[in-house]
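Hi,

Here is the structure I promised to pass on. Could you have a look at it when you get a moment, and then read my notes below?

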Amino acid sequence: MNAPHEKVTSPVETIRSYHAELRAIRHDIHAHPELAFQESRTSDLVADRLSSWGIEVHRGLAKTGLVGVVKGKKTGSGRGIGLRADMDCLPMHETGTVPYKSKHAGRMHACGHDGHTTMLLGAARYLAETRHFDGTAYLIFQPAEEGGGGGRVMVEEGLFERFPANEVYAVHNWPGLPPGQMAVRPGPVMAATDEIVIMVRGKGGHAAMPHLTVDPVVVCAQVISALQTIASRNVNPMDAIVVSVCSMETSQTGVFNVIPDFVKLIGTVRTFRPETRNMAEARIKEIVSGISTALGGRAEVEYKRGYPSTINSEREAVFAAQVGERVFGKSNVFTDAEPTMGGEDFSYMLQARPGAYVFLGQGGGPTGCFLHNPGYDFNDEVIPLGAGYLAALVEESLPLK
């Protein structure tokens with residue numbers, strides 16, 4: 001880290017000089033969204049841009065993932081830093097009317113990954129032109145964040161063995177903060193994201209003769225209510241957990257006088273602590289089995305573990321905040337923001353290396369929509385801010401002596 005008396009010049013203004021080019025890249029990616037592990041066009045675009053700036057490109061991790069390697073003016077420190085951006089879109093239909101609207105029905109960049117990729121490209125160009133650092137910057141362009149676990153696959157395929165970053169950072173746009181502000185904190189920032197599938201089986205029959213049936217709908221009504229006691233009666237009130245049943249499917253639909261044979265429930269469990277996660281899985285199975293048996297039915301529970309909790313390491317979160325204070329001003333950096341129950345597969349990279357996940361303000365953007373909304377669009381005005389911040393992380397983590 002730079003000495004307290006050393007003046008740090010933000011890369012933001014330099015990157016503003018090629019903001020128009022970056023904006024055009026973002027619009028191009030937005031118009032051609034690609035789903036998890038299918039980001040071939042986006043990967044080609046990124047590789048071409050990196051190569052044109054003289055950056056060493058390595059492809060093939062997690063199928064469509066790639067890593068750009070930028071060496072500083074000096075490398076004697078022997079240290080490296082990783083910067084990660086996600087590239088995939090969501091399986092959603094875009095309702096916006098921007099000129100660069102998605103050209104593919106049922107696919108859109110509703111989470112801003114087009115902006116994340118563009119910001120890392122902006123940082124890449126700046127770092128390649130200036131190389132004002134001592135060490136190596138690894139620019140990680142990751143596929144399949146939206147449910148595919150591309151971060152996990154990259155780590156399992158040797159990401160940090162091939163590209164030995166000592167620390168790793170990621171930035172995600174956040175409509176809840178205005179442009180020019182950011183939030184980062186040590187500890188949990190996003191939750192573990194698990195899926196539950198519950199199949200309750202009974203004995204169907206005529207709705208006018210319920211005594212001759214075992215009604216799985218009644219069983220499920222009791223199950224759904226009882227599952228809420230996990231949060232209210234099994235978890236420390238100072239802890240956090242969400243147990244949500246989000247979907248119900250029966251063997252009969254549209255018939256008013258038939259009790260079905262089975263009901264299928266689908267839901268999600270969100271937690272921060274591994275102990276709470278383990279307890280939730282055990283209690284869900286106990287509650288579902290106990291109630292189903294007591295009411296004459298039977299049940300199966302499938303508990304699918306998703307992304308682990310995203311946990312920032314102490315030193316790197318503090319460092320990320322300090323860099324943000326120099327780039328955006330101290331009053332624009334928040335270190336006490338509440339964690340969110342959403343999930344992120346950057347969690348796998350943070351399990352492998354210390355680092356921090358940062359929320360970058362983008363305001364309502366041009367459409368005023370939040371993430372995962374069919375009308376969402378990334379705010380182009382934050383591209384130089386995010387790119388400059390990423391570049392500053394490199395320069396301050398690997399300072400030239």
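Below are my notes on some helices, a strand residue and a few backbone angles.

Please keep in mind that this is a predicted model.

I'll start with helix 4, which covers residues 113-130.

One partner of helix 4 is helix 12 (residues 383-397): the two pack with their axes 8 Å apart, at an angle of about 50 degrees. The crossing of helix 4 over helix 12 is right-handed. On the helix 4 side, the contact is formed by Thr-118, Met-119, Leu-120, Gly-122, Ala-123, Tyr-126, Leu-127 and Thr-130; helix 12 contributes Ile-383, Gly-386, Ala-387, Leu-390, Ala-391, Val-394 and Glu-395. By type, these contact residues are ten nonpolar, four polar and one charged.

Next comes Leu-139, in strand 4 (residues 136-142). Its relative accessibility is 0%, so Leu-139 counts as buried. Leaving out residues up to four places away in sequence, Leu-139 touches Leu-50, Ile-55, Leu-66, Val-67, Gly-68, Val-70, Leu-83, Leu-120, Ala-124 and Leu-127. Leu-120 and Leu-127, in that list, also take part in the contact of helix 4 with helix 12. Asp-44 is 95 residues from Leu-139 along the chain, and their C-alpha atoms are separated by 15 Å.

Now for the backbone. Arg-131, which follows helix 4, has a positive phi near 50 degrees. Arg-131 sits in the loop between helix 4 and strand 4, and is partly exposed at 24% relative accessible area. His-372 is not a glycine either, yet its phi is positive, about 65 degrees. This histidine lies in the loop between strand 16 (355-361) and helix 12, and at 38% relative accessibility it is partly exposed.

Lastly, helix 10 (residues 314-328) has 15 residues and reaches 21 Å between its first and last C-alpha atoms, close to the 21 Å expected. Among its buried residues are Phe-319, Val-323, Val-327 and Phe-328. Just after helix 10, Gly-329 has a positive phi of about 100 degrees.

Best wishes

Key:
Residues numbered from 1 in each chain as written. Predicted model: local features only at pLDDT ≥ 70, side-chain atom pairs only at ≥ 80, totals over all residues. Heavy atoms only, no water. Helix = DSSP H or I, 4+ residues; strand = E, 2+ residues; numbered from the N terminus. Expected span 1.5 Å × (residues − 1). Buried < 20%, exposed > 50% of the residue type's maximum accessible area, 1.4 Å probe, protein only. Axes fitted to C-alpha atoms, helices over the stretch in contact; angles between N-to-C directions. Left-handed = near helix turned anticlockwise from the far one by under 90°. Contact = heavy atoms within 4.5 Å. Nonpolar A, V, L, I, M, F, W, Y, C, P; charged D, E, K, R; others polar.
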